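These are my notes from one sitting with a single structure. I went through it topic by topic and wrote down what I looked up.

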Amino acid sequence: MPKAYVFTRDGGPETEALVDLDRPRPGPGQILIAVRAAGVNPVDWKLREGFRRPGDAPRVHPVVFGSEAAGVVEETGEDVTGFAVGDEVFGNTVTGGCAQYALLRADVTAHKPAEVSFTEAAALPVAAATAHDGLRQLDLPEGATVLITGAGGGVGSAAVQLARTAGLRVLGVASAGKKGFVESLGAVHVPSGPGWTERARAAAPDGVDAVFDLVGGDVLTEAAGLLTDRSKLITAGAAAQDVEKLGGHRLVRTRTRAVLDEVARLVVRGDLDPHVTRTFPLERADEALRAVEDGHSQGKIVIEVSG
């Protein structure tokens, strides 16, 4: 039977297991793929711990990990057009991507360009698309200065690159160990930790025009103090009520095929590198989850699934 990496109940890593699961069947508007790669994101372990997205249906365990995947179309459901068996695609999952087979939402699935590997494509639907949506929401003019917290992670590294492509000056807040990586992306590195806002002010004596937060908590609160116009504060790292108290906004995800097509084009053009820094086979999915959960991963981590 097909393999899948799941959590069997809400809780910690002890709830995780590699299990046999029936091959899913696509419903209306869904696509079944043979998975070749699946991206790993912080939301994976947050969901395991009990986090619920707004509008989520009641949870039925076991739950397969993974919100983004790339692979080959095996079957399409009713009302799906534009995709055929054998097409190479990537997109957002209905059933988790950390499995040999997964269901994708057809409206948030795109054809994978031949120049983009499955591993690279699996890193785009969450991280790169979130970065794209956040920068579009900020709508900054060329030459503006944006500060990005969590700049060394999957979303952050994509956001730095897309901001630089848009002609923005970028301050990237990340640990000292990620200095070289953040600078290689084109950002001015601001070491995280106590006193980071003073270091940010020194790096941008004329001020910061916007903050793209990917961390939340105290970092979000401290970042708000750098802005004169709090409407230019957005977060993907905190709940809406937390950022709204500060005068900012929660990042609004678009989740469309057009966005996936656009970020893939940017990869083909060389304007965006997904920076997949580590890969793991499905049999070592636990190690991939721990690498993201410890909060020190650099770039993107992807699980590769053999055909």
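I started with R48, which counts as buried because its relative accessibility is 0%; buried means under 20% relative accessible area, exposed over 50%, and partly exposed in between, with a 1.4 Å probe and protein chains only. The model is predicted, so I note that local features need pLDDT of at least 70 and side-chain atom pairs count only at pLDDT 80 or more, while totals for chains, interfaces and linings use all residues. Residues are numbered from 1 along each chain as its sequence is written, and side-chain values use heavy atoms, with hydrogens and water left out.

I then looked for charged partners of R48, taking a salt bridge as a side-chain nitrogen of Lys or Arg within 4 Å of a carboxyl oxygen of Asp or Glu. R48 forms one with E16, where the closest N and O atoms are 2.8 Å apart. R48 sits in helix α1 (residues 42-48) and E16 in strand β2 (residues 16-20), so this pair ties together parts 32 residues apart in sequence. For the element names I used DSSP runs numbered from the N terminus: helices are H or I with at least four residues, strands are E with at least two. E16 counts as buried, at 11% relative accessibility.

R48 also meets E293 in a salt bridge, at 2.7 Å from N to O. That pair links distant parts of the chain, with E293 in helix α10 (residues 285-293) and R48 in helix α1, 245 residues apart. E293 counts as partly exposed, at 22% relative accessibility.

**D133 and R253**

Next I checked D133 and R253, whose side chains meet in a salt bridge of 2.9 Å, N to O. D133 lies in helix α3 and R253 in the loop between β13 (249-250) and α9 (257-269), so the pair ties together parts 120 residues apart in sequence. Both ends came out buried: D133 has a relative accessible area of 2%, and R253 has 18%.

For the whole structure I noted 20 salt bridges.

**K178**

Where does K178 lie? I located K178 in the loop between β9 (169-174) and α5 (179-184). K178 is buried yet has no salt bridge, and the nearest side chain of opposite charge, D294, is 7.7 Å away. For charge, Lys and Arg count as positive and Asp and Glu as negative; His and the chain ends are not counted. Not counting residues up to four places away in sequence, K178 touches G152, G295, H296, S297 and Q298, where contact means heavy atoms within 4.5 Å.

**Cavity and pocket**

I worked on a 1 Å grid over the protein atoms alone: a cavity is a set of points where a 1.4 Å probe fits but cannot get out, a pocket is an open set with protein on both sides within 12 Å along at least five of seven lines, and lining residues have an atom within 4 Å of a point. Grid points are joined across faces, edges and corners, and a volume is the space filled by probe spheres set on the points.

The count came to 1 cavity of 30 Å³ or more. The largest cavity holds about 50 Å³ of space. Its lining has 7 nonpolar, 3 polar and 2 charged residues; Ala, Val, Leu, Ile, Met, Phe, Trp, Tyr, Cys and Pro count as nonpolar, Asp, Glu, Lys and Arg as charged, and the others, Gly among them, as polar. I saw D273 and K300 among the lining residues of the largest cavity. Which helix gives the most to the lining of the largest cavity? I noted α4, with 4 residues.

The second largest pocket has a volume of about 220 Å³. α3 and α4 each supply at least two residues of its lining, and the lining residues include H132, R136, D139 and L266.

**G143**

Last, I looked at G143, in the loop between α3 and β8 (145-149). G143 counts as exposed, at 53% relative accessibility. G143 and G167 are 24 residues apart in sequence and 5.8 Å apart in space, C-alpha to C-alpha. Leaving aside neighbours within four places in sequence, I found G143 in contact with G167 and L168.
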